[in-house]
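Q: I am new to this structure and would like to learn how its features are read, one after another. Could we begin with the idea of contact and then go on to rings and charged side chains?

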Amino acid sequence: MKTTQNKKETTKKETVKRGVTKPKSNAAAGLSELFEDGLKDIYWAEKALTKALPAMAKNATSAELIDAINNHLTETEEHVTRLEKVFDSIGKKAAAKKCDAMEGLIEEGKGILEETEIGVVRDAGIIAASQKIEHYEIATYGTLRQFAETLGYTEAVTLLEQTLDEEKGADKLLTEVAVNAVNLEAAEVEMEE
């Protein structure tokens, strides 16, 4: 019996190859756990954005950009509520887990504010930082929506798809503001110098 147990231990050790990260003791073992982990992550991220977006709006000068940020703040607050409904739909209590990616993107946005002069150049930087955030959210909601579909969480699919569509819409609006006004004005400032 000891020989069989030692063989199993040896085999298990052999499967963790050099350079392969050893999972934590509480690592997700199934897709539903990975899904729930992703929900906790984006829940933290959306809550953090409700604090970060007002600072971006205060630092913007373009009326169109300020409107876009404020509209997305309202949507983001709804995203938090909608995520709570997703948690409820799968029988889990809403819980946040620090999102390192979003924390980094928010910090990068703060850095752009410090590294740009007030005006259209800063507005262009705010749009760039905001679109990085939107792209992260689009990737996250797309993945979570697909996980929910695979797991048969019909209500979660609908809720996550709604948020995914809103994130795509926010990204599109930011592109329009950049292309139709801000980027052109920022380029003109440079030409005047």
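A: Contact means that heavy atoms lie within 4.5 Å of each other. In this model, which is predicted, the buried residues of helix α4 pack against α2 and α5.

Q: Which residues of α4 are buried?

A: A residue counts as buried when its relative accessible area is under 20%. In α4 the buried residues are Met102, Leu105, Ile106, Gly109, Gly111, Ile112 and Leu113.

Q: What span should the 16 residues of helix α4 have?

A: The expected span is 1.5 Å times one less than the number of residues. For α4, residues 100-115, this gives 22 Å, and because the end C-alpha atoms are 22 Å apart, the two values agree. Helix α3, with 27 residues, reaches 39 Å from its first C-alpha to its last, close to the 39 Å expected, and just after α3 Gly91 takes a positive phi of about 75°.

Q: How many aromatic pairs does a search of the whole structure find?

A: Rings pair if their centres lie within 6.5 Å, and the angle between the planes then decides the class, with those over 60 degrees called edge-to-face and those under 30 degrees called stacked, while the rest are tilted. The search of the whole structure finds two aromatic pairs. Phe35 and Tyr153 form a tilted pair, 5.6 Å centre to centre with 35° between the planes. This pair links distant parts of the chain, since Phe35 lies in helix α2 and Tyr153 in the loop between α5 and α6, 118 residues apart. Phe35 is buried, with a relative accessible area of 0%, whereas Tyr153, at 25%, counts as partly exposed. Tyr43 and Phe87 form an edge-to-face pair, 5.7 Å centre to centre with 70° between the planes. Here Tyr43 in helix α2 and Phe87 in helix α3 are linked across 44 residues, and both residues are buried.

Q: Where do Arg82 and Glu78, which form a salt bridge, lie in the chain?

A: A salt bridge needs a side-chain nitrogen of Lys or Arg within 4 Å of a carboxyl oxygen of Asp or Glu. For Arg82 and Glu78 the closest N and O atoms are 3.9 Å apart, and both residues lie in helix α3, four residues apart, about one turn of the helix. Arg82 is buried, at 4% relative accessible area, whereas Glu78 is partly exposed, at 33%.

Q: Which helices does the salt bridge of Glu161 and Arg145 link?

A: Glu161 and Arg145 have their closest N and O atoms 3.0 Å apart. The pair links Glu161 in helix α6 with Arg145 in helix α5, 16 residues apart.

Notes. Residues numbered from 1 in each chain as written. Predicted model: local features only at pLDDT ≥ 70, side-chain atom pairs only at ≥ 80, totals over all residues. Heavy atoms only, no water. Phe/Tyr/Trp six-rings, centres within 6.5 Å; stacked < 30°, edge-to-face > 60°. Helix = DSSP H or I, 4+ residues; strand = E, 2+ residues; numbered from the N terminus. Buried < 20%, exposed > 50% of the residue type's maximum accessible area, 1.4 Å probe, protein only.
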